[in-house]
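Hi everyone, thanks for coming.

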Amino acid sequence: MKIRTLAVAVPLLCIAAAAQADTSSVKTQSRVLVKKMGVHCVDDPHCFNRYHPAIKPVMTAKPGQMITFETRDALDSDLTIDSLPKDVGAIDLNLVHPLTGPVAIEGAKRGDVLAITLIDIEPDEYGYTTVVPGFGFLRDRFTEPFVANWKLSRVDAEAAQLPGVRIPFNGFMGTVGVLPGFPEVDAWEARETQLGKAGGVALPPQPVGALPSAVCGVNGSHKDKCLRTIPPRENGGNMDIKQMVVGTTLLLPCYVDGCGLFIGDVHYAQGDGEVAGTAIEMGAKVTVRTEIRKGMASMIKAGPHFEGGSQLKKLEPDRFHATVSYPIKKAGEVPPQHKYLNGDKIGPLVNMSEDLTVAARGALNEMVDWLAATYGWSPVQAYVYTSVACDLRIGNVVDVPNYAVSTICPLEHITK
């Protein structure tokens with residue numbers, strides 16, 4: 001009897017010991033957390049909203065470590081689930097974009113490539129899409145403020161302002177990049193100044209609202225050289241490329257030792273083009289892993305590269321409606337994107353030559369009208385839907401003079 005008792009007791013002891021263990025207590029990853037502090041970027045020593053190599057890293061991470069960035073929404077706003085269109089007018093565009101970082105990557109040198117793999121995005125519970133007067137691809141048509149307030153989960157988003165619409169979660173980093181070096185700041189500032197003098201849209205350094213204030217603010221050490229974050233450049237930045245989802249790897253050249261990695265302006269979902277000027281904007285917790293590819297920056301010249309596997313299949317619609325257009329406009333019309341050019345030539349033309357902008361405007365306007373007529377939406381509701389869900393696609397750039405652009409809208413997100 002004693003032997004039998006021992007034979008039974010020993011397995012029970014093993015089971016009891018095993019029950020005390022839990023996979024949650026087993027750690028296999030080294031992590032760095034870049035926390036969000038304070039209500040706004042101005043309150044946060046881990047936040048900045050201009051680019052300059054004099055901005056110091058807030059911490060250092062090793063290649064291969066998991067780095068989690070706690071990020072703010074793109075406008076550093078006070079918008080809430082109850083916000084109204086009039087609240088859009090209170091947004092200070094000098095505060096775009098609040099970015100978390102920069103983080104120095106140990107061992108990275110100017111001339112290397114930093115490979116940044118997106119591991120996870122944890123969304124906030126609230127996000128928004130705005131139409132800001134004077135901004136957006138159809139800014140000449142949509143001149144009044146608008147806001148859609150989205151309730152977010154890891155599954156989908158819905159907003160009272162677009163009833164019957166559920167947008168699936170396909171999060172990505174709207175803004176991600178590395179700090180420029182001194183040569184890049186000088187070259188990029190010079191080319192943008194030249195464009196501005198020619199009448200083009202260019203955003204010169206603006207120290208009002210600039211952070212960090214000691215470097216970029218009104219009394220900052222480099223206030224006249226800190227670059228705005230709105231245009232993307234060779235260092236990445238505000239690329240707003242929806243295909244950079246979880247599992248893909250972004251490749252950026254390093255311009256300063258340590259690279260100076262930053263992340264912000266996270267999007268819950270977006271259509272190719274982000275045509276209204278915003279996607280579904282949100283704060284989030286973003287986790288990435290980095291790798292240094294030594295001496296490979298010379299392979300990346302015109303702009304960033306990115307790579308992945310089957311991730312893009314998930315972004316394709318199950319059911320869609322598409323519009324196609326060509327570079328054809330009304331006589332006398334000069335699109336806002338062309339106003340800095342010679343209007344005497346452009347204005348009278350009906351058919352533009354090899355012009356993707358005019359073709360894209362035609363396809364988008366056609367889609368806005370089709371959505372409004374089909375679903376009983378207002379034009380601005382349709383415009384917001386195209387910004388968060390529909391894709392502008394280039395069909396061809398060879399059939400002169402009429403290049404073709406399509407707007408492709410998924411229909412499965414519209415439930416009624």
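Let's start with Asp120, which is partly exposed, at a relative accessible area of 27%; here buried means under 20% relative accessible area, exposed over 50%, and partly exposed in between, with a 1.4 Å probe and protein chains only. Before going on, a word on the source: this is a predicted model, where local features need pLDDT of at least 70 and side-chain atom pairs count only at pLDDT 80 or more, while totals for chains, interfaces and linings use all residues. Residues are numbered from 1 along each chain as its sequence is written, and side-chain values use heavy atoms, leaving out hydrogens and water.

So what does Asp120 pair with in a salt bridge? Its partner is Arg154, with the closest N and O atoms 3.2 Å apart. By salt bridge I mean a side-chain nitrogen of Lys or Arg within 4 Å of a carboxyl oxygen of Asp or Glu. Arg154 sits in the loop between β8 (146–152) and β9 (156–159) and Asp120 in strand β6, so the pair ties together parts 34 residues apart in sequence. Helices (H or I, at least four residues) and strands (E, at least two) are DSSP runs, numbered from the N terminus.

Next, Glu184 and Arg110 form a salt bridge at 2.9 Å, N to O. Glu184 is in helix α3 (residues 182–197) and Arg110 in the loop between β5 (99–105) and β6 (113–123), 74 residues apart. Glu184 is buried, at 11%, whereas Arg110 is partly exposed, at 42%. There is also a network of salt bridges linking Lys242, Asp272, Glu316, Asp391 and Arg393. The count for the model comes to 22 salt bridges.

Now the pockets. On a 1 Å grid over the protein atoms alone, a pocket is an open set of points where a 1.4 Å probe fits, with protein on both sides within 12 Å along at least five of seven lines; lining residues have an atom within 4 Å of a point. Grid points are joined across faces, edges and corners, and a volume is the space filled by probe spheres set on the points.

The largest pocket has a volume of about 1,600 Å³. Of its 46 lining residues, the closest to the centre are Phe135, Arg139, Ile230, Pro232 and Gly273. The second largest pocket comes in at about 270 Å³. Its lining has 17 residues, and Pro168, Asn170, Lys314, Leu315 and His413 are the closest to its centre.
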